[in-house]
Amino acid sequence: MGISALTPPPRPEDIQETLLSFPDNRLLIGLCGEFDRNLAQVEQKLGVTIIRRGNQLAIMGNAGVRLQAMEVLQGLYARLEGGKGVDSGDIDGAIRMNAAPVRPSGQIDMFGHQPMEIRTRKKSVEPRTEAQKAYVQALLSGELCFGIGPAGTGKTYIAVAAAVTMFLGGHVDKIILSRPAVEAGERLGFLPGDMKEKVDPYMQPLYDALNDFLPAKQVQKMLEEKLIEIAPLAFMRGRTLANAFVVLDEAQNSTAMQMKMFLTRLGDGSRMVITGDRTQVDLPRGVTSGLTEAERILKGVSGVSFTYFTSRDVVRHPLVARIIEAYERDDGTVG
């Protein structure tokens, strides 16, 4: 974010000061961060100057950025009051959400009002961008959702979190996570081991996400009892997936026939989420991606929702967003 190089410098008469007071000095220390690095991040992102004076923070800059910085700092302090931590990602999310358009009355957000979050046994997941917020709403209210966008935007991670919280809440009886076992440089047949050992490396991101949300022993027990199933897409053929939360990850690597097969597995009481990145198709040349075809065919179908992510929604290292933007420019997909 920050102040664009094309933006004229603020006039001296526009640079004023806003004072914020924080009653709990211990929480204020957490807000500022070690060596005031949290304040430095807000300064760098918003183009303001923040000076600590006792239990007050003085924000200097023009009126617009002062107001934004004030709301961000107050929102982060409210997180601390609620017993939550503040890290670099939380600050980035607060700034992104604060910069979004004004929300309709009655909607809740992560920092300004009541928190929107997905709660699991080990941690809570909160949307850090408007696209993530729309995605969470779709996951918790819809039966068939698509999350489409680049790596690092939380598509799969949030979907698995939603699956866990729906299971813990008794809304579904099992969790089914699937991926196409498409090779990206290596052939399955050339890898050592039996079929499970060959396939498990492709499923590892799904195991990683589950272990973030549930204790390892519980994950293992649920896998043994078939309350959680992690399997290649090809293993879905012939099944009816009832009373389950079903996630298909890396859907851009499904064929059109596989995608139709998967979508028609949806049974009573189930929810289905399809995630993918159209720029990372590993299918053989000339084979149509099932994700692309499903997007074309299902647009406008009642009960099917699409959430789109861009490089602006990347919540990994900031360099990841810049890498994605560079590739998009090279492909001519951004202006």
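**Notes on the sheet and the salt bridges**

1. Six strands make up an open sheet with parallel pairing, ordered β8-β7-β9-β10-β6-β11. For the terms: strands (E, at least two residues) and helices (H or I, at least four residues) are DSSP runs numbered from the N terminus, and two strands pair if DSSP finds at least two bridges between them.

2. A word on the source: this is a predicted model, in which local features need pLDDT of at least 70 and side-chain atom pairs count only at pLDDT 80 or more, while totals for chains, interfaces and linings use all residues. Residues are numbered from 1 along each chain as its sequence is written, and side-chain values use heavy atoms, with hydrogens and water left out.

3. Do look at strands β6 (residues 144-148) and β10 (residues 271-276), which run parallel and are joined by five bridges. Within this pairing, Met272 in β10 is the bridge partner of Leu144. Helix α9 (residues 256-263) packs on the sheet and touches β6, β9 (244-248) and β10; contact here means heavy atoms within 4.5 Å. The direction of α9 makes about 155° with that of β10 (axes are lines fitted to C-alpha atoms, for helices over the stretch in contact, with angles from 0 to 180 degrees between N-to-C directions).

4. Twelve salt bridges are present in the structure (a side-chain nitrogen of Lys or Arg within 4 Å of a carboxyl oxygen of Asp or Glu). One of them joins Glu126 to Lys84, with the closest N and O atoms 3.0 Å apart. This pair links distant parts of the chain, 42 residues apart: Glu126 is in the loop between β5 (124-125) and α5 (130-141), and Lys84 in the loop between α3 (63-81) and α4 (88-99). Arg79, Lys84 and Glu126 are linked in a salt-bridge network.

5. Which residue forms a salt bridge with Arg179? The partner is Asp249, the closest N and O atoms being 2.7 Å apart. Because Arg179 lies in strand β7 (residues 174-179) and Asp249 in the loop between β9 and α9, the pair ties together parts that are 70 residues apart in sequence. Arg179 is buried at 12% relative accessible area, and Asp249 is buried at 4% (buried: under 20%; exposed: over 50%; partly exposed: in between; 1.4 Å probe, protein chains only).
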